[in-house]
Every structure is written in structure tokens, then in C-alpha cells.
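Colleague: Thanks for sitting down with me over this one. Could you take me through the model, one question at a time?

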Amino acid sequence: MGILSAIVFVPLAGALAVLVVPEKKRNVIQAISVMASLVSLALSVWLLARFDVSVAGVQFAEKTGWIPLFNVHYFLGVDGLSILLVALTTLLSFLAVVASLHIELRIREYFFWFLLLETGMLGVFLSLDFFLFYVFWEVMLVPMYFLVGIWGGPKKEYAAIKFFLYTLFGSVFILLGMLGLYFASDPHTFDMIELAGQASRFAFGFQIAAFLAFYLGFAIKIPAFPFHTWLPLAHVEAPTAVSVLLAGVLLKMGVYGLLRISYPILPQATRWFLFPLLIIAVINIVYGAFCAMAQKDMKRMVAYSSINHMGYCLLGMVAVAGSNAAAGLSGAVFQMVTHGLITGSLFLLVGVIYDRAHTRNIDDFGGLGSRLPVFTALMTVQAMASLGLPGLAGFISEFLCFLGAFGTAAYRVFVVVAVIGIVVTAAFLLKLIKDVFLGKFNEKWAGLTDMNARELIAVVPLVILTVYLGLQPHVALRMMEATVSQIAMIFKAG
Amino acid sequence: MIEHAWLIPVLPLLASVLIVFLGRWLLLDGAWIGILCALWGVVQSAGIVIGLFNGHGLLLESGLTGHFHEMSFPWFQAGFLRLELGCLIDGMSALMMLVVTAVSFLVQVYSLSYQRGKPRFGRYYATLSLFTFAMLLLVISNNMFQFFVGWELVGVCSYLLIGFEFERDAAAAAGRKAFITTKIGDLGFYVGLLLLFSSVGTLNIPIIQREFVSTGILSPELCCAIALLLFCGAIGKSAQVPLHVWLPDAMEGPTPVSALIHAATMVAAGVYLVARLYFLFAVSPFCLTVVAWVGALTALTAALNALVASDIKRVLAFSTVSQLGYMMLSLGCGGYRAGFFHLTTHAFFKALLFLGAGSVIHAVHTNDIWKMGGLSKKMPVTFLTFGAATLAIIGFPGFAGFFSKEEILASVAGTHQTALFLVAAFTAFLTAFYMSRVFFVVFLGDPRDPHRFAEAHESDWLMGFPMVVLAVMAVLSGFFLTYVWPLSRWIPGVEGHLHQMESLVLSVSVGALALGAGLAYSIYRRSVPDPAVLAVRWRPLDQFLRRRFADELYAALIEKCVFAPARHLARFDEEWIDRFVVDGVGTVSRRISVLKAWADDVLVDRFCVNGWGWLADRCGRGLRRLQTGLVQFYLLVIAFGLSLFLLWAVRVYG
């Protein structure tokens, strides 16, 4: 078994192991879960170390036949697009498991679904066979449904079913597009690399139809306006750790899907769709920021800020046909990573205060800064990262996205409109800080304690990485450079 | 020495990190680390300045920025975007570094006493050091990206420091206001940066100047667009109209912080930006005119506001805005060196004014000048140093402000734009008036509040020492930089027309000074009027001067253009997109499924399927009646049937 299979299936093994442990042995269940996610994390760190940054194509490939009749393969591989997302997924999964250690209710099931979810997510990022990709894509849905529906907030059933149906609705179109590609290719194949090689074979009309089908599926995941409304709801109802994965990993699958599938396989349709994509990006950025501004619930606010931040990814992707294509694409991929780190930690931090105060309403707090210095400091740093302060990771990725889109002269006006989103983002994050941490201390919260060890272990690594990648962004950027230039080449030639 | 110039910004950064992580175990929470690092910066930048002046250690390359020494390290690369961290040392950046480190050092020493016993002492020093680092980072920068990084960090540090006493709502709000207001200007900077990079493919300042601007590859229109976009950032940072509203509120921060913000960091950054990229601005006359008029308007309106303010720090804050406008005016009139000169001298006397104000506030525990008076007897050191600073800012001959202000007036006169010159002269008059007013009311006359007066005392030497040092600078720096080490030797600028104007400029500046100070003397010195009476007598004027039109406008605009749309969009999102469309689709499909279920149940199952069963059942029931068991009946039926058949056969075959 190869390293990639190990990364994907170690969590699954953990999930199955958890099932045979009696519910009463909490420690054993927790230990297995921590170990499973930790091993997967360690393996992905090893992968990161062994990854050859000069290779644009797929590395560590594993390919064996699976359903020969339909030419379906078990095909895993990693390249510059996916390597960081795999590392991000294993890291956030591990930290989310740590952050879930205080869960009491039905913990055996909880960790089973959680680890199954991790396998699903990793499978999506590592599959290079479309059929396999689709299987993992669907595998991911079920655990998410139960995790929100059982361990969620007051409106959990509604949120869970909405998430499930909405995403399922999108994946039907992905399935259609996938079958379309299969029958249009010759010989019929689900192999993404081969499909990309046959890109010139697909007629323009067919490309557009397929692109729109995929886009519908991916846009729901991103989430791109107007398919975003499931997100605030799901975040508010989901337990903290699930929110972390939802924002940190699941949202990336939409952008990843576009970059992995739509861009290389359907380049003509992509080019045709760039302008609408630009408009959607600008709407996501500005509209998301304004909506976040009006929120009172911290989780809802961070959820809307995710819509705003994923808009930056789209903006970077629009750059692909312009003169700053490589910068824009790097920005988009890097933005996925930094958003995962920053927003993941913000959800963890909101969870910290919610566990203590049982409210997330901004107006209920005030002056916490004088009583909870550590919590305040971490939250401030991550909020600053989220609003794009230089020296922290968010700034670089955001700048690259803007720079990329600015490379096409016709897009400049829209980029300038999108820039407004930056100041609105700053405004609502500072409002959050002011209302919660500054001002007179609200004596109602005299009993609140600062963060405990479990919470610090979950949050601090993300903060350190946010600072580190802000100062040393090339550590991440060089990983994707070769692959990103290869994608840019497709569009330069066409 | 010059080779290791990077140490100057790096040391304060190090100090900041050390204080944050180790401070609690160190003497004075580690404040001394910050002070020592700043002191090192003073020594090293002084060495560089001396070296530059003597012509040592320079790589001779000529350009608009003069001779410079550049070094850089690659930072990161994405596509063809190569970014570097670098130092660009020339007369301007070296002198600016000296000013920044010196003021920072003195403010930190002063704070040892001023902030003693206040909460979060360590964090205060850590942020001060970070602030110093950020400012030095942009001052020393050889590229616009690093400049922007420093620029934004300066912004966030001022946010943290203005809102340092965050338990007070006013402080928290002021910090946020400063951050957001300057951030609005920064949007222009951001777009300017994008445009600059997209046009020339590099952000290195000397390369842009040498290869793109002076060769004319970058068209004047594009130069102008980039320069004006970047200038938006300067408008925010240097508190120019229309983004000046944050600076008067910024006095909510601890007073030493105000001294730092108003003198050497933050607000200086905007003026420095224009001076640093002057080659870009100078390409287009239109661009310079915009700069000049923004500066002139700022100088005038802020001076008018300062006339009636009764909070000592607020007067000084308005005065900073006004003086910054003066510098911009000068830059816009081609007085590139004059503007920078005034930035330097202003840093010293404005820092001193704030430290002096802090000393007074420390002594009498109020900001209101009408509760002070006669303090010269109680606080001789503060009185003398504050007096020196006042003379400097109003441009008393021989004091620092005199030389720089005169150069500014000369450069404005040189453009032959009468309106601008009149504004400049009138502002000089207003400055002389309101600064003299504060000085007379606070230090001279009889004490207005005997109780506070009785408690007042001179500050200790930790606060006195920085004030004395700054007083020496406020007296001497102008003379020094004009005659001993003339700025013209290391900062090239436009010469020539200045000297022809000398007599006009001299008479105007001295006249404005005499008029302003004399008027203030006649009003405030002898009679010590009751401010309430004055306010009533001059009611319309007083109310006009007190109003801050921009603040009122923005408050309305923010509600109308930000909060209201935000609420509407959020409602639209929740009610229309989510509830109406998405849930609507769900509801409609559920309705359809109910309909289908009904159809299935009623039409298909009950009507069609069960219908057959029912029919069969009914038929069976009907037919059962025939099953009577009487043979005679059966025979009758058979006979009947047979006869019918025969009848039919006869009809057909017969």
C-alpha cells in the first residue's frame, strides 16, 4: 500500500476500530481517534517533506484497475494543487479531534463519523480518477449529515437536511457532467489526466454544458453567490469541530474541483466563463462582507466572512488568462490554505467562548479583554490575519489574488470594486473585537476562565502557522509553483 | 555602519517579541529592552547621518533621491513577482530614521514615569517597539511592497495604542476610527500598488525611478494616476482633508503615544511617502496641484478648529493636522526639501508639545485648559520647554520652525499662486494665535482652579530629561540643518527662486507671527476672559469653528452607506435568497410531492388499482345473485339464452 492510500485510509481504520470499542471506554475511543488522525497527519508531513517541488505533474501515484468493464481505476496522486490541501486537511482534522475531546454525547458514533469524514475529504483531494473522486465526494456527505444533525445546535435537523439536500442536488450535476465526459472521451475513461489530455477533442458546446454542470456542483460547495445560504445556517448549527472542517476543508473542494477538473479538461469553456466568474467573485467579496457586518451571532459573522474570503479565491482564478496568471492562481491556492488556517482557528475560538458563555451574540459581551488576555490576544491576531494585515498569512494570498485579476486590463474596474470588500472586512472584524473584548467589563461574565490546555493545543498551532506563512510565504508558494505554471500554460497556448 | 543599517528596524522588532514572551520575568516588564534598542537605533542612525554628510560609505548613483546606498534580500516569489526586503539609505531615509528612533527613545524614557503603575505596562512597551519597527521598516524600505507592509503595521500599532486604555469606550472607538479611516485611504494605496506593479513589473523604488520614470517609459498620465492613488493612502495616514477626522480623536491614547503618533510615526508616514516618491509626483503638474490644494485646505481648516478647542491635547492634535497640511502644501508647490525639513523640525517640537502637555495633565489631572493657569510658577521645566516648543511652532526667528516654515512659504511663493500663498500666510497667523493662546492660558496669569493648582508639581527627571533634550532640538535643529549641515547638501531640490522671495517671505512670516501672538496676548494674557462669556459674545463664529462638518457628514454617510445596506443585504440574504428561493424550491418540491403522493394514492392506487378490485368485487357480488341453486331457474336461463341465439341465427342466416 502506498503512502497516499495510507493517508486516506488510516482514519477509516480508526473509524472501524472505534466501532468495536464499548461506549463506556471513553479514553480508548478518544485515544484511537487522536492516534488515527495524528498518524494521518504525520504521514502527510512526511509527504510534504518528500514532495518534489520542481515536478509539475502527479507524484506518488498509485494506480490499479478497479472496475475494468468501465475502465474505472483506483488512482491516487498528489501534485502542487493538492499537496497543501492534504496537509491542511490532516492538520485541521487532528486539531478538530483534539477540540472535540470534551464531547460527552454518543462519542463512539461521533468519532466514527468524524474519522469517516476525514477519509472522505482526503479521498477527494487525492483521487485522480473521476469515478473514485465522485465516490469520496458522496462518502463525505453522510458523516456531515449526522455530525450536524445529532451534535448540532437547536435547529440541527433542519440545518443538516438542508446541507445534505443542497449538496446532493449539486452532486447530481457533477455526476451528469462526469458521465458526459466519459462518453465523449475516446477511449472512454474516467482518468482526469487522460481527460485533460483529450481536452481539444471536446466540442465547444459540449464543454459549456459540462462546465455549467460542474460549476453548479462546485459553486454550492465554494459557496458562490447565490448558492451560499446553506453555509451560515450549517455553521451556526454545527458543533465547533465540524464548523472547523466545514470552513477549513469542505469549502475548498469547490475551488479545488474547478482547478482540478473544469480548468484543465474544459479550457475553452473556462475562458468563456471567466467574466461571469469575475462578477460572482466580486459579489462574493462585497456582498459577503456587507452581510457579515450586519450579523450579531459570531459564528454567522465568521461564516459570512468565509463567503467573502472564498471570493478572493475566485478572483485569483479569474486571472488565468491574464498577464499575472501565475500570481493569481498561486494566490487562489494559497488563499485556500490561509483561509483554512485563519477561519478554522476563528471557529475554534468562537467555540471556546460559546462553551463557557452558551451564547455567541456579540452584544452580550463586552470588556473581556481585561479578564481573558490569552483568548483576546489569539482572537485579535487571527482577526487581523483575516482582515489581511501584512506579516500574517492572509495578506499575501489576498494580494496575489488581487494582483492576478489586475493583470487583465478589462477586469481592473471590477477589481477596484472588490477592493471595497477589504475595508468592510476590516470594519466588521474590528467591530467584533470592540464589542466583545473592549469597553467596560460586563460583570455578568465574572466567572469566565481563560483558555485551557486542550483549547490551546487546538488553536496555537494554527496561529503559529498563520504568522509563519505570513513571514515565509514561499514555503507554501514553492510547493504549488510548478503545477500552477502548468495550468497557466494551457491558457497561454489556447 | 551603513552596511548594517537593517539592524535599526530589526532591533525594535526583537525587543517587541522579547517583551511579549519574556517580559513578565524581567525588570520593568522588559521596558528597558525597548529603550536600549531604540537608543541603539539613535546611535547607529546618527552615525549613518554623519557618515553621509561627510561623504563616506556611499555608492554614488545619482537620481532624484540623490546618492543612495541600497541592499536587499530576496523575500519570496510567486510567478514573476519577486519580492525583496531591502534598505535604501540616502539623506532622507537616514535623517528620518534618526528622527524616528530619537523620538521613540525619548517617548519610551518619558513613559517609564508616565505609565508607571498603569495596567499592561509590558504590553505598552511591546507595542511601542513594534510601532517603531513598523515605521522604520517603511522609512528604510527600497521597495513599495515592504513600504506597504510597514505602512499597514504602523496603522495596526496605532490602533492598538490609541485604544490602549480599552476599558474606556471613547478610547476603543477612537482606535477603531483611526484604523478604518486610514484603511479607506489605504484602498487607494492598494490599487496604486497593483497598478504600479502591473505597469512596470517591479516595486523597487530606484529601479522604477531610473528605468521607468526618468526614461519616460511610464507615461505621465499613468504616473499621475499611480501617484494620486498612492496619495490617497497619504491622505489617510497624514490626516489630510477629507480623511483628517481620526487624528483629533486619536488623543484618547496615552499622551506619550500621542507624542509618537503626531511627531515621528504614523502621520509622518504620509508626508514621507510623497517625499520618497517625489519623482513620480513631479512628473505631472496636475498631481502636484492636487497635493498642494489638499494640503492648503487641511492646513486652514484644522487651524480654524484649533482656535476654539479647550482640551489641550485636542488643540495640539488640530495643530498637527494643520502642520501636516503645511508640509503637503509645500510638497505640492515643489518645495520637496522644505516639506521634508518641516517634517523633521515639526517632529521635535510637536513631540515636545505633547510631552509637555502630558506633564501638565499628569500634574493637574485634567485636559481642560480653562482649569489650568499660572502653572509657570509650579512647573518651571515644563514651562520653559513648552515655551521653546511654542516659539518653534509659531516660527519665532531663530527657532527651528522659523527656518522650515520660511522655506515652505518661499516654495509656495515660488509657484506664484496667490491663493495658496494667502492660505499659507493666514494659517501661519492662526497658528501663532492658537498656540500663544494655549501657552498663555496654561502657564501665565492667575490659577483658575486653586485646588488643582495647589496640587500641581513639576514632573520627575524621567519626564523632564526627554523634554529638555527635545527643547534643545526644537531650538537648534532648524539653525543646524540650515547653516551647519545644510539639508541642501544631501537632499537635492529645486534651488534658485527661493532667494529672490526672501524679503517678502520674511516679512510675511514675521508679520503673521507678530499679529497672531500679539492678538492672543491682548485677549488672553491680561484680562484672562471667561471662556463662556467669549463664546456667547462670538456665538455664530464660535459655533462655526467648533463644528466638525466632516465628522457629522461621515456619521450620516456611514449609517446610510454602510450599516443600512449591510442590514438590508443581510435581510435580503436571509429572507429572499434563503427563505424565499432556496426554501421555496424545497417547499415547492414538497408540495409537488404531496400532490404526487395524493395522485398516487387516490388516482393510481385507489381509483385505478383498487378500482379494478372494487369492480371485480361488485361484479362478483352481482353475479352471485344468479347463483340461486334452483335447477328450474338455470333451465329457464338456458332456454332464454338459446332462444335469443336462435333469433339471432335466423336474422343472420335466414
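Colleague: Let's begin in chain A: in which helix is the place of A:Thr380?

Modeller: Before I answer, this is a predicted model, in which local features need pLDDT of at least 70, side-chain atom pairs count only at pLDDT 80 or more, and totals for chains, interfaces and linings use all residues. Residues are numbered from 1 along each chain as its sequence is written, while chains are lettered from A and ligands numbered from 1 in the order in which they are written. Helices (H or I, at least four residues) and strands (E, at least two) are DSSP runs, numbered from the N terminus. On that numbering, A:Thr380 sits in residues 373–386 of chain A, which is helix 15.

Colleague: Is A:Thr380 buried, exposed or partly exposed?

Modeller: A residue is buried if 20 or more other C-beta atoms lie within 10 Å of its own, exposed if 12 or fewer, and partly exposed in between, with C-beta atoms placed from the backbone. A:Thr380 has 17 other C-beta atoms within 10 Å, so it is partly exposed.

Colleague: What separates the C-alpha atoms of A:Thr380 and A:Leu430?

Modeller: Along the chain, A:Thr380 and A:Leu430 are 50 residues apart.

Colleague: Where is the kink in helix 11 of chain A centred?

Modeller: Helix 11 covers residues 252–265 of chain A, and its 14 residues reach 19 Å from first C-alpha to last, close to the 20 Å expected at 1.5 Å a residue (the expected span is 1.5 Å times one less than the number of residues). Of its 14 residues, 14 are buried. The bend at a residue is the angle between axes fitted to the seven residues ending there and the seven starting there. In this helix there is a kink of about 30°, centred on A:Leu258.

Colleague: How are helix 3 and helix 14 of chain A oriented to each other?

Modeller: Helix 3 (residues 83–99) and helix 14 (residues 325–357) of chain A pack at an angle of about 5°, with axes 10 Å apart. Axes are lines fitted to C-alpha atoms, for helices over the stretch in contact, and angles run from 0 to 180 degrees between N-to-C directions. Angles under 35 degrees count as roughly parallel, over 145 as roughly antiparallel, 65 to 115 as roughly perpendicular and the rest as oblique. Helix 3 and helix 14 of chain A are therefore roughly parallel.

Colleague: How do the residues of that contact of helix 3 with helix 14 of chain A divide?

Modeller: Two residues are in contact if their C-beta atoms, placed from the backbone, lie within 7 Å. Those from helix 3 of chain A include A:Leu84 and A:Leu88, and those from helix 14 of chain A include A:Val333 and A:Gly340. Ala, Val, Leu, Ile, Met, Phe, Trp, Tyr, Cys and Pro count as nonpolar, Asp, Glu, Lys and Arg as charged, and the others, Gly among them, as polar. The contact's residues divide into 9 nonpolar, 3 polar and no charged.

Colleague: Over in chain B, is B:His365 buried or exposed?

Modeller: B:His365 lies in the loop between helix 15 (336–364) and helix 16 (380–393) of chain B, and its phi is near 55°, a positive value in a residue other than glycine. With 11 other C-beta atoms within 10 Å, B:His365 is exposed.

Colleague: Which helix of chain B gives the largest share of the side that touches chain A?

Modeller: The contact takes 35 residues from chain B and 38 residues from chain A. On the chain B side, strand 1 (69–78), helix 5 (144–162), helix 6 (169–200) and helix 25 (549–626) each supply at least two residues. The largest share, 13 residues, comes from helix 6 of chain B.
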